[in-house]
Each structure stands twice: as C-alpha cells, then as structure tokens.
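I opened this notebook to record what I looked up in one protein structure. The entries run from the whole chain to single residues.

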Amino acid sequence: MAITLTLIDADNDIIADGPATLNANFQSIEQHINDIEDIVQTDSSTIKLTNKATIPNNSIESDAITLVIATGDALIVSPDGGGAVASITAEGEITGRNIIVTGVGAEGSSFGDATFTGAVAAEGEVSIDGLLKLNNPNSRVARKYRSFAISDANIGLAATNPIDISVDDTLYLNYDNGGGALGGDADVNLDTSLLEDGQVIKLICLRVNVGGAQRLNNGGVGTEVFAYIDANGVGFQTISSAVKPAFEPAASPDNQSWLIAQWTDIGGGNYRLVVLESKNVSGVV
C-alpha cells in the first residue's frame, strides 16, 4: 500500500494546521514502517521473513537464501495455489512428488542411509560398494533369460550375426533350424565383447539339430573363448580353439545339456568364459 501524505500549501494555515498535518504524516510513515517490519527485519545487511506464510510471485531475488525454522515445514511448494507437491521440514526432511537428479560424473548425487519405498528403476550402470542384502522376507531376484533360434548367420568364426551374450543370465539355444541342418560345424559364434568382469551366464541347449551337432565356436588361436580349471595343474587352462564345446543330451531322462561359465581374467588381462558347471557337454575339460 502506498503512503498518502497531506500537503501543506497556500490553502492551509501553516501556523494553525502545520503541526497537526506534519504529525499525521509522520504517524502515517511510522505505521507503514511498522507494517514493513512486521514482515521483514533487517539484520547485518540481510533480510529475513518473519511473519509471512506465503511469498508472492517474483518477490525474492537472491544469490542464496537461508531458511531458519524451529519446527514444522521450512518450505512448501504449491504450484498455482494447488496442493503441496514438495516440502522441506525443519529437520531436513525433503518430500517431493517427483525428484529428478541430473548430476553426472563429479557432479553425481549422493544419498546417505536412504530408504526407497515402492518401485525403483535404474538406467545405466549401478555400482554397489558394500554388502547387498537379499535376506529380507520379500527379497528375491528375477533374472533375465532369452530363447534364440540358431541359423547359419550365427555359425562359425566368420558368422555375420554373432550372438551377444552380455544381455542374458540364461540363454536357451534352439539348434532346430526349422528342421534343417546347420552349416559348417554348427558352432554358434558368441559375441563376448560386452561381457562384464565376473559376469556369469548359463547356456542351455533347447533343441538339437537334425544334423546331430550342437556346438559353440571357440574363437581362434590366442582369442579362444573358453577355459576350464585344472586344479592339479596350472589352474586356469584355456581350451584349444580347435576344440568346440558340444551339447550332447543323452536319452531321457538324462536329456538335458547345459553349461555355466563366468567371464574371468585368467591372467595378464586375458579373459575367457571359464566353465564352472556342465551337464552332457563335451570339450569343456
């Protein structure tokens, strides 16, 4: 509200009316100053809101704002006068309908002793430096699996479509090929270029091929794919590229064939799929 002052001019008796007019003007000025001090107080070149529950639009411009409050909400965000969508309490508790954190690299965000209620979706790499506990009443893990129909495009060292196995926990390999024989040695070329250190994958023969061969390509000399553990010898032992692991399911009920392997540095930065377990698979020892 603007201050309205009464002018002293030729129409007024300066002697008779001047003191009263000046007094009224000063009272008006004092009242407006009191009204301002009821909202803000100046202290060491700072401005502090003291009795203002809401702040009009575009009314604060500052390099930094410090909110001091004993209890309750220190800040509430309510767009267009609607319901509150975010708040910060005196205890530092932040509540928000949707919190988006965009920091990356050195600007990445840190959460200490955080509790997430509801679904949490993470896109990109997640690194955990500590114990991951899965021993709560509802703890469980859903692992990724995929069925892949093998064709000649997946066969041999020169395959035009090697199978990227980095995206799977379990990969079911269907060698049936629509009832037709597969070319070459029916040896599936596995793309290991995107595997992570320590990643474990299970390869399962889902269906056999009419040609009687269901193999895995084992790379070239010096770039072999598979290795095994020779506990009585050198430990990690690369399997010769000339040897191609083969799924050989036996007659029912022993008609399953699979292997479990881990992408492992066997020394000198040389990575291989080290066979940990297998059933009815030849060429893995």
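**Entry 1: the model.** I noted that this is a predicted model, in which local features need pLDDT of at least 70 and side-chain atom pairs count only at pLDDT 80 or more, while totals for chains, interfaces and linings use all residues. Residues are numbered from 1 along each chain as its sequence is written, and side-chain values use heavy atoms, with hydrogens and water left out.

**Entry 2: overall make-up.** Of the 285 residues, 24% are buried. Here buried means under 20% relative accessible area, exposed over 50%, and partly exposed in between, with a 1.4 Å probe and protein chains only.

**Entry 3: the sheet.** In what order do the seven strands of the open sheet lie? I read the order as S6-S8-S11-S16-S17-S13-S14, with mixed pairing; two strands pair if DSSP finds at least two bridges between them. Strands S6 (145-149) and S14 (235-238) stand at the edges with a single partner strand each, so one side of each has no neighbour in the sheet.

Entry 4: I followed S8 (residues 170-174), which runs parallel to S11 (residues 200-207) and is joined to it by five bridges. Leu 173 has Cys 205 in S11 as its bridge partner. S11 and S16 are antiparallel, also over five bridges, and Ile 201 stands opposite Ala 261 in S16. Ala 261 in turn stands opposite Val 275 in S17. Six of the eight residues of S16 (residues 258-265) are buried, so this strand is largely enclosed by the rest of the structure.

**Entry 5: aromatic rings.** I counted three aromatic pairs; rings of Phe, Tyr and Trp (its six-membered ring) pair if their centres lie within 6.5 Å, with planes under 30 degrees apart counted as stacked, over 60 as edge-to-face and the rest as tilted. Tyr 145 and Tyr 172 have ring centres 6.4 Å apart and planes at 80 degrees, so this pair is edge-to-face. Tyr 145 lies in S6 and Tyr 172 in S8, so the pair ties together parts 27 residues apart in sequence. Trp 263 and Tyr 271 have ring centres 5.6 Å apart and planes at 25 degrees, so they are stacked. Trp 263 is buried at 11% relative accessibility, whereas Tyr 271 is partly exposed at 26%.

How values were computed: Helices (H or I, at least four residues) and strands (E, at least two) are DSSP runs, numbered from the N terminus.
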